[in-house]
Amino acid sequence: MKVAIIGAGISGLACAYTFEKMGISCDIYERKHTIGNLFSFGELILQVMHRPYKDPLSFLKSQLRIPVVPLNKIKKIIIKSLNKKTSIEGDLGYILERGQGQQSVENQLAGKINSKINFNINADYRQLAASYDYVVVATGNSMIAKQLTEYADIVSSRIKGGIAIGEFDINTVYVWFNTMYARSGFGYLVPLSRNKASIILVSTYTQKEEIENMWHTFLYQEKLNYEIIETFETEMDGWIAKEHKIGNIYLIGNAGGFLEPCFGFGLVNSLETGVYSAQAIVKGENYEQKIGKIVDKVNKMADFRRVMDNMRDKDYDRFLSIIGNPIIKTLIYKANLDVINYLHTFIKILKKPSE
Ligand SMILES: Cc1cc2nc3c(=O)[nH]c(=O)nc-3n(C[C@H](O)[C@H](O)[C@H](O)COP(=O)(O)OP(=O)(O)OC[C@H]3O[C@@H](n4cnc5c(N)ncnc54)[C@H](O)[C@@H]3O)c2cc1C
């Protein structure tokens, strides 16, 4: 069986790793000179997003056979809106490294595979589809999917981030909601070590020329007076594809619209769809069926995103009051409820007309 994978990001690498475990070596094409993100940052896996699994990393390891080692556990999240602040404590999830560092998720995966990675090749999916039995598209963007299937754009975000030098609690993450600099997005701080943290602003519906100003407003408003090094800018779009297998072409990770469009969580979905595509191809299984639950979750989060796009600072204050309420906290964080399935009800409460 001849398989080509376009993109050596986390979904493409997870796919290649799964193929190899089933005895198939793939040809991977990567347009850059190296794997993974060129800039370093911290990513989060939040347990609440992956119910009913109690531990998303154990799920990845035991069910998908993708072992990923995190930097640290998240024990506390401090969330601030314009006039409210709340904090949540417990076993909330994990912090992972992305980028060129040795512990990054991409480098962890690359260290496990033997498939050849052909660097500096901007692969053409049509040519590959003609010469390979299967092509897995793992390009991290919507370009190929939008030529192959119906789709719906959900959200567009511009992102600016950097590494802050200072003193940090390695288990505490901060999140800020403020429409002045993030619109319907947010800012967050993820500790990478005791003296380094990744600070990221995700500002929705923002033009390239606006982001610098938003970034400085964010740092100033939230008193993030750190020395900031290694800044980066990028964009991230949330969208939904109608089909994820078109002929002998499989769409995975962000290239399949599996980035959750409300908060931008895509790491676990990327690994999962990488694994499921390889399994579906080798075992002749129905890929759309295998990814059904992920598609359903992404669709639900798209509904939440549509609501979030209309929220004002008052609404964020109200949202924080709700999630800070001790009873709600117990329900959300201790009872292991499948929160996303209850999210629609949540949204209705939030959307009470504000005076
Ligand atoms: C700043 C930031 C913060 C994030 N934070 C979180 C978080 O906290 N939690 C979370 O769950 N998710 C987070 N995400 C989302 C998560 O990183 C993505 O969902 C995930 O990386 C997508 O993986 P992927 O393999 O689909 O794409 P990518 O990792 O983007 O990899 C795609 C690869 O394909 C290559 N490529 C593209 N086109 C071609 C071509 N034609 N030929 C050859 N190669 C090609 C690219 O060079 C790249 O290496 C964040 C994303 C960003 C940008």
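Two residues count as being in contact when their C-beta atoms, placed from the backbone, lie within 7 Å. Keep that in mind for the views below. This is a predicted model, in which local features need pLDDT of at least 70, side-chain atom pairs count only at pLDDT 80 or more, and totals for chains, interfaces and linings use all residues. Residues are numbered from 1 along each chain as its sequence is written.

View 1. Helices (H or I, at least four residues) and strands (E, at least two) are DSSP runs, numbered from the N terminus. Along the principal axes, the C-alpha atoms fill a box of roughly 60 × 40 × 40 Å.

**View 2. Eight strands line up in an open sheet with mixed pairing, in the order β3-β5-β4-β9-β10-β11-β8-β12.** Strands pair if DSSP finds at least two bridges between them. At the edges stand β3 and β12, each with a single partner strand, so one side of each is left without a neighbour in the sheet. From one strand to the next, the twist averages 30°. Look for β9 (residues 172–176) and β10 (residues 186–191), which pair in the antiparallel sense over 3 bridges; here Tyr174 stands opposite Leu189 in β10. Helix α7 (residues 211–221) packs on this sheet, touching β8, β10, β11 (196–204) and β12, and its direction makes about 125° with that of β11. Helix α10 lies across β8 and β12, running at about 110° to β12. For these angles, axes are lines fitted to C-alpha atoms, for helices over the stretch in contact, and angles run from 0 to 180 degrees between N-to-C directions.

**View 3. A second open sheet has 6 strands in the order β6-β2-β1-β7-β14-β13, again with mixed pairing.** Its edge strands are β6 (116–118) and β13 (245–246), each pairing on one side only. Strand β2 (residues 27–29) runs parallel to β6, and 3 bridges join them. Tyr29 has Asn118 in β6 as its bridge partner. Helix α1 (residues 10–21) packs on the sheet and touches β1 (3–6), β2 and β7 (134–137), its direction making about 160° with that of β1.

**View 4. The ligand is surrounded by 34 residues.** The closest are Gly7, Gly9, Gly140, Gly253 and Gly266. At least two residues of the shell come from each of α1, β3 (41–46), β8 (151–165), β12 (227–241) and α8 (267–283). The shell divides into 16 nonpolar, 14 polar and 4 charged residues. Ala, Val, Leu, Ile, Met, Phe, Trp, Tyr, Cys and Pro count as nonpolar, Asp, Glu, Lys and Arg as charged, and the others, Gly among them, as polar.

View 5. Most residues other than glycine have a negative phi, and most peptide bonds are trans.

Conventions
A residue is near a molecule or strand if its C-beta atom, placed from the backbone, lies within 6 Å of it.
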